[in-house]
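Please keep the sequence and the model side by side while reading.

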Amino acid sequence: MSNYHLPVLAEEILKFLNPSQMNWVVDGTLGDGGHAELILKNTPPHCRLLGIDRDPSAIKRATERLSKYKERILLVHGNYKDIKEILMKEQIEKIDGFLLDLGVSSPQLDTPERGFSLKKDGPLDMRMNPGDPRTAADLLVESSDKELYSIIKGYGEERFSKRIVRAIRKAQANSPVRTTFQLARIVRDAAPQTHHFRIDPSTRTFQALRIAVNNELEPLKQALKDFLFALNKTGRALVISFHSLEDRIVKQVFVEKAKGCICPPKIPICVCGEKSSLKILTRKPIRPSLLETQMNPRASSAKLRVAAKIYA
Ligand SMILES: C[S@@+](CC[C@H](N)C(=O)[O-])C[C@H]1O[C@@H](n2cnc3c(N)ncnc32)[C@H](O)[C@@H]1O
């Protein structure tokens with residue numbers, strides 16, 4: 001098996017996870033098992049890893065890659081947003097650390113049939129879990145102009161979303177938009193190249209559709225809270241995000257849990273009873289080094305935030 005996904009910020013992940021203290025660690029976005037392998041290599045044999053991925057092919061690849069550690073791993077095909085139910089089903093009461101490395105993996109991006117990449121022609125699919133009902137092509141057909149506009153504007157932070165929606169509708173009037181190259185061409189013709197010459201103008205639209213197809217943002221806040229709840233005292237929470245919308249959610253949840261009390265500032269005495277349960281260990285997100293981004297350009301927008309549970 002070649003072309004594995006390169007684990008991002010590997011050294012930093014090991015440093016913050018505190019591996020010698022681990023009993024159960026959860027990799028909620030197992031992917032190609034790169035981080036999982038790194039963690040298993042650097043933890044004592046009693047440390048076990050629960051790996052979750054919504055993509056069945058990721059589970060298959062990681063099972064092969066991690067076969068050496070088969071006594072120590074439990075790999076589950078599922079969505080990390082269901083972490084509460086997954087832990088309950090596997091009879092795991094508390095965990096000592098978790099990692100979420102959000103977004104898509106290299107095998108997903110590099111396989112044209114998965115339809116994630118604007119650089120490879122394939123069906124306009126973009127489902128991380130091919131068992132999910134709606135592809136990106138379906139979404140283009142089923143959503144109203146207003147919905148499509150708010151997806152491209154909201155998840156892609158695209159200035160030219162109105163023009164892009166108009167161009168998609170015009171193209172659909174002639175023939176259905178079913179392939180990645182078709183969509184990329186429509187968007188390139190509709191949205192002017194900005195001063196970022198190296199970035200294809202269709203990048204933001206592809207990102208927006210992927211987020212919508214996989215419902216990547218809405219469940220993240222509650223999922224993070226559920227992961228944090230499952231952490232033992234001193235346990236570590238590590239989240240790598242790749243765009244500002246995800247990073248904002250991670251930051252908000254960490255700040256909220258570190259602050260504790262949620263009473264309005266006007267109230268002189270706390271009545272909510274919420275206690276601070278988290279210590280933020282990264283005041284600013286950690287970014288990959290220049291060397292890492294040179295070796296792995298896909299790491300360049302990664303941001304790692306870490307927190308430690310202080311009250312369980
Ligand atoms: C960036 S890759 C992870 C790569 C992995 N850390 C490695 O080193 O190989 C992200 C993975 O998370 C999975 N994923 C994304 N959202 C998910 C979710 N809500 N639940 C479970 N898996 C998810 C994707 O299918 C993808 O395989």
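In this predicted model, α2 (34-41) and β2 (48-53) each supply at least two residues of the shell around the ligand. Helices (H or I, at least four residues) and strands (E, at least two) are DSSP runs, numbered from the N terminus. The ligand is surrounded by 21 residues, and the closest are T29, G31, D32, G34 and D101; a residue is near a molecule or strand if its C-beta atom, placed from the backbone, lies within 6 Å of it. By class, this shell around the ligand holds six nonpolar, nine polar and six charged residues. Ala, Val, Leu, Ile, Met, Phe, Trp, Tyr, Cys and Pro count as nonpolar, Asp, Glu, Lys and Arg as charged, and the others, Gly among them, as polar.

Two conventions apply throughout. Residues are numbered from 1 along each chain as its sequence is written. Because this is a predicted model, local features need pLDDT of at least 70 and side-chain atom pairs count only at pLDDT 80 or more, while totals for chains, interfaces and linings use all residues.

The protein chain is divided into domain 1 (10-103 + 218-309) and domain 2 (112-213), with bounds that come from an automatic or database domain assignment. Taken over C-alpha atoms, the centres of domain 1 and domain 2 are separated by 30 Å. Four residues of domain 1 are in contact with four residues of domain 2, contact being C-beta atoms, placed from the backbone, within 7 Å. The side of domain 1 that touches domain 2 has one nonpolar, one polar and two charged residues.

Next come the helix pairs. Helix α7 (residues 145-156) packs against helix α10 (residues 203-213) at an angle of about 105 degrees, with their axes 8 Å apart. Axes are lines fitted to C-alpha atoms, for helices over the stretch in contact, and angles run from 0 to 180 degrees between N-to-C directions. α7 and α10 are therefore roughly perpendicular to each other; angles under 35 degrees count as roughly parallel, over 145 as roughly antiparallel, 65 to 115 as roughly perpendicular and the rest as oblique. On the α7 side, I151, I152, Y155 and G156 meet residues of α10 that include R204, Q207 and L209. The residues of this contact of α7 with α10 divide into seven nonpolar, three polar and one charged.

Helix α8 (residues 161-174) and helix α9 (residues 180-190) pack at about 130 degrees, their axes 9 Å apart, and are therefore oblique to each other. In α8, R163, I164, A167, I168 and A171 meet I186, V187, D189 and A190 in α9. By class, the contact of α8 with α9 has seven nonpolar, no polar and two charged residues.

In the last pair, the axes of helix α11 (residues 220-230) and helix α12 (residues 244-259) come within 10 Å and cross at roughly 40 degrees. α11 and α12 are therefore oblique to each other. L220, K221, L224, K225 and L228 in α11 meet E246, I249, V250, V253 and K257 in α12. That contact of α11 with α12 comprises six nonpolar, no polar and four charged residues.

Key: Contact = placed C-beta atoms within 7 Å.
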